[in-house]
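Please read it with the structure open.

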Protein chains: 4
Amino acid sequence: MTKGRIEAFSDGVIAIIITIMVLELKIPHGHEIGVLWPLLPIFLSYALSFVFVGIYWNNHHHTFHAVKHVGGWVLWANLHLLFWLSLIPFTTGFMGENGFPAHTVAVYAVNMMMCALAYFLLIRALVAQHGVDSDFSRALGSDRKGKLSLAAYVVAAPIAFVHPALAMVILAAVALIWVVPDRRFTAAAAEHGPK
Amino acid sequence: MTKGRIEAFSDGVIAIIITIMVLELKIPHGHEIGVLWPLLPIFLSYALSFVFVGIYWNNHHHTFHAVKHVGGWVLWANLHLLFWLSLIPFTTGFMGENGFPAHTVAVYAVNMMMCALAYFLLIRALVAQHGVDSDFSRALGSDRKGKLSLAAYVVAAPIAFVHPALAMVILAAVALIWVVPDRRFTAAAAEHGPK
Amino acid sequence: MTKGRIEAFSDGVIAIIITIMVLELKIPHGHEIGVLWPLLPIFLSYALSFVFVGIYWNNHHHTFHAVKHVGGWVLWANLHLLFWLSLIPFTTGFMGENGFPAHTVAVYAVNMMMCALAYFLLIRALVAQHGVDSDFSRALGSDRKGKLSLAAYVVAAPIAFVHPALAMVILAAVALIWVVPDRRFTAAAAEHGPK
Amino acid sequence: MTKGRIEAFSDGVIAIIITIMVLELKIPHGHEIGVLWPLLPIFLSYALSFVFVGIYWNNHHHTFHAVKHVGGWVLWANLHLLFWLSLIPFTTGFMGENGFPAHTVAVYAVNMMMCALAYFLLIRALVAQHGVDSDFSRALGSDRKGKLSLAAYVVAAPIAFVHPALAMVILAAVALIWVVPDRRFTAAAAEHGPK
């Protein structure tokens with residue numbers, strides 16, 4: 001089965017998620033530049049989530065570039081990922097509009113954790129589909145960054161209840177390790193020539 | 001006529017439908033985790049509709065994978081399906097925000113019934129286009145699951161007026177029989193080799 | 001220059017326009033089926049606009065199927081069309097929420113007129129690009145339906161001020177003549193074999 | 001790495017940005033044509049931003065048409081551009097709803113400046129990817145219009161604080177020089193034959 005439509009549908013959903021988040025930036029009353037300051041935490045939470053959703057799109061792009069077959073469970077694993085990603089605008093707004101208090105950061109970290117878990121399951125479904133000895137699975141390698149991120153989110157969520165600022169630092173650190181372009185699949189693709 | 005754009009347009013519309021539903025999850029006042037509980041019925045109705053819309057996308061994907069020609073009435077049958085799907089965010093919110101009372105579940109079931117009917121008509125239009133003896137029609141088979149779902153919705157709508165919980169069980173059961181990957185078209189595609 | 005991206009971008013914009021219109025169907029207070037009746041005019045205006053936008057997508061699909069080259073002005077003529085289409089959710093809501101009074105029907109008819117004019121200009125830009133003797137221009141023919149529609153909208157707008165119901169009948173009649181599949185390009189495509 | 005998905009994702013995000021701006025046109029109370037006049041500044045700011053976003057889509061289309069390779073940093077440079085573009089609905093509404101007072105025009109000009117800067121960085125990343133002696137870099141040329149626009153925005157932002165109307169004239173002039181179709185890449189593509 002061709003992978004084109006699963007990519008196109010995922011691109012569409014992720015494009016909408018990343019864009020409707022900005023609707024939380026409600027236009028303030030007044031026209032002085034000062035009326036924008038109270039929006040700063042919402043803006044920061046938006047920028048952070050934009051980076052996170054961008055990372056997922058980026059990884060989705062790289063992963064599916066190496067994908068050869070798309071079977072039935074892969075479609076559902078992908079929809080499962082999109083479900084948790086679709087909650088990011090809500091948890092981002094909950095955190096940003098309240099100014100990053102403890103509970104809201106914990107909810108945000110749990111959302112991130114579920115996204116990472118869903119991505120992990122998607123990759124498992126793809127590996128099962130291709131076989132452990134396939135080009136796809138070799139290109140993927142040990143997925144160390146994915147497992148590390150998931151662990152970081154599991155840690156960040158409870159920490160947020162007592163020390164939300166530290167939890168945010170952990171979340172930002174996870175974002176940072178992903179922004180550096182992932183060389184796994186690009187390297188594998190280069191080995192096998194242009195496509 | 002190429003089927004690429006009808007797939008791309010449907011992907012776009014379905015991606016938007018599945019994503020704007022989350023806008024019904026309004027950010028609550030307060031920042032304690034407790035303020036999220038009243039949102040639980042809305043969240044559940046969102047998750048259910050996400051699965052339903054995901055099933056339609058999935059089936060659309062499988063069906064059009066086998067499609068060879070796209071004639072004039074197919075475009076309208078497809079738009080007719082998208083129309084009823086586009087009402088799902090409304091009927092989902094009507095049901096979820098009110099906590100699943102009888103009338104709202106009936107309206108939701110009727111929406112589901114119209115979607116199933118529209119899908120049935122789309123498949124009839126495609127069979128008419130390809131001919132009853134075509135590869136497409138053979139791959140489709142008797143469409144037993146489609147007819148069963150339509151019948152279940154017809155039953156669920158009146159039941160909802162007297163026993164909404166039972167109607168919800170019927171709707172959830174229909175979702176379940178579809179989440180298991182549909183082997184019809186994948187099997188047919190496998191027989192004819194990769195494409 | 002390839003036409004793929006102009007099709008994809010137009011599909012995206014039209015998909016969003018056709019879907020966000022449903023956001024005007026605000027979820028009512030109360031959970032009895034009776035609370036939905038006041039939404040009927042909004043629902044009807046939504047259904048009508050869904051058909052109109054569907055017609056534009058359909059025609060766009062057929063027209064670009066025959067297109068060979070996409071030059072600079074075609075991109076702007078296409079964006080100009082998308083601009084007027086993007087106002088349809090607003091004029092639809094203005095008409096539907098107020099229950100189809102005279103002024104709102106006139107504004108809606110003017111919106112429709114500008115869309116038809118923009119489509120006419122897009123087709124002129126495409127004909128200029130391909131040459132009057134091209135396959136594209138021959139497939140297009142005299143564009144009688146396009147010119148007739150434009151004329152009907154020019155007539156409907158002033159009529160709406162004195163007799164909105166008659167203007168609505170004219171608009172609905174225009175929709176009807178387009179819903180019948182356009183055989184111009186499909187016939188021309190069939191002559192030149194599958195593509 | 002294929003450039004198809006980065007184009008598709010950008011098309012999706014830009015399509016959503018250009019379309020959700022119209023949601024700022026809130027349906028007014030009343031059904032006389034006169035209730036629309038107070039919306040005129042919002043409508044004008046929407047039309048202006050529609051043209052600006054259209055220009056970015058247009059340039060993105062032309063630039064990526066000439067692109068051969070898409071490496072890791074290009075993806076992030078592209079997301080960075082989409083981030084600033086995604087703020088346009090907010091800054092447009094802030095300016096339009098208030099009737100173009102000084103501070104809001106300055107904020108809008110800064111948004112435009114950041115978009116132009118992000119586009120400049122995207123083009124740098126693409127040149128670095130392809131090499132200075134590549135077909136891509138030759139097709140791009142000196143990017144005089146891009147640098148001129150960036151300079152104009154840098155000038156317009158401080159001017160807006162003392163003379164918002166003059167700043168708007170500068171912004172409109174920048175739009176005008178871009179609406180004329182860009183012949184750089186089309187000429188280069190023509191030289192190398194159809195693709």
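1. Start with the contact between chains A and D. It takes 26 residues from chain A and 28 residues from chain D. Two residues are in contact here if their C-beta atoms, placed from the backbone, lie within 7 Å. On the side of chain A that touches chain D, the elements giving two or more residues are helix 1, helix 2 (40-66) and helix 9 (183-191) of chain A. Helix 1 of chain A gives the most to that side, with eight residues. By class, the side of chain A that touches chain D has 14 nonpolar, eight polar and four charged residues. Ala, Val, Leu, Ile, Met, Phe, Trp, Tyr, Cys and Pro count as nonpolar, Asp, Glu, Lys and Arg as charged, and the others, Gly among them, as polar.

2. A word on provenance and labels. This is a predicted model, in which local features need pLDDT of at least 70 and side-chain atom pairs count only at pLDDT 80 or more, while totals for chains, interfaces and linings use all residues. Residues are numbered from 1 along each chain as its sequence is written, and chains are lettered from A and ligands numbered from 1 in the order in which they are written. Helices (H or I, at least four residues) and strands (E, at least two) are DSSP runs, numbered from the N terminus.

3. Now the other neighbour of interest. In the contact between chains A and B, 28 residues of chain A meet 26 residues of chain B. Helix 1 (4-20), helix 3 (72-86), helix 4 and helix 5 of chain A each supply at least two residues of the chain A side. Which helix of chain A gives the most to the side that touches chain B? Helix 1 does, with eight residues. That side of chain A divides into 18 nonpolar, eight polar and two charged residues.

4. Symmetry comes next. A rotation of 90° with 0.0 Å of shift along its axis superposes chain A on chain B, with an RMSD of 0.0 Å. The two copies are thus related as by a four-fold rotation axis. In chain A, the C-alpha nearest the axis belongs to G12(A), 4.2 Å from it. Copies are superposed by least squares on the C-alpha atoms of residues with pLDDT of at least 70 in both. Only 11% of the interface residues of chain A are also interface residues in chain B, so the copies meet through different surfaces.

5. Look at helix 4 (residues 88-97) of chain A. Ten of its ten residues are buried, so helix 4 is largely enclosed by the rest of the structure. A residue is buried if 20 or more other C-beta atoms lie within 10 Å of its own, exposed if 12 or fewer, and partly exposed in between. The buried residues include I88(A), F90(A), F94(A) and E97(A).

6. Please check the backbone after helix 4 of chain A. Just after this helix, G99(A) takes a positive phi of about 80°. F100(A) has a positive phi of about 65°, although it is not a glycine. F100(A) sits in the loop between helix 4 and helix 5 (102-130) of chain A. F100(A) is partly exposed, with 19 other C-beta atoms within 10 Å.
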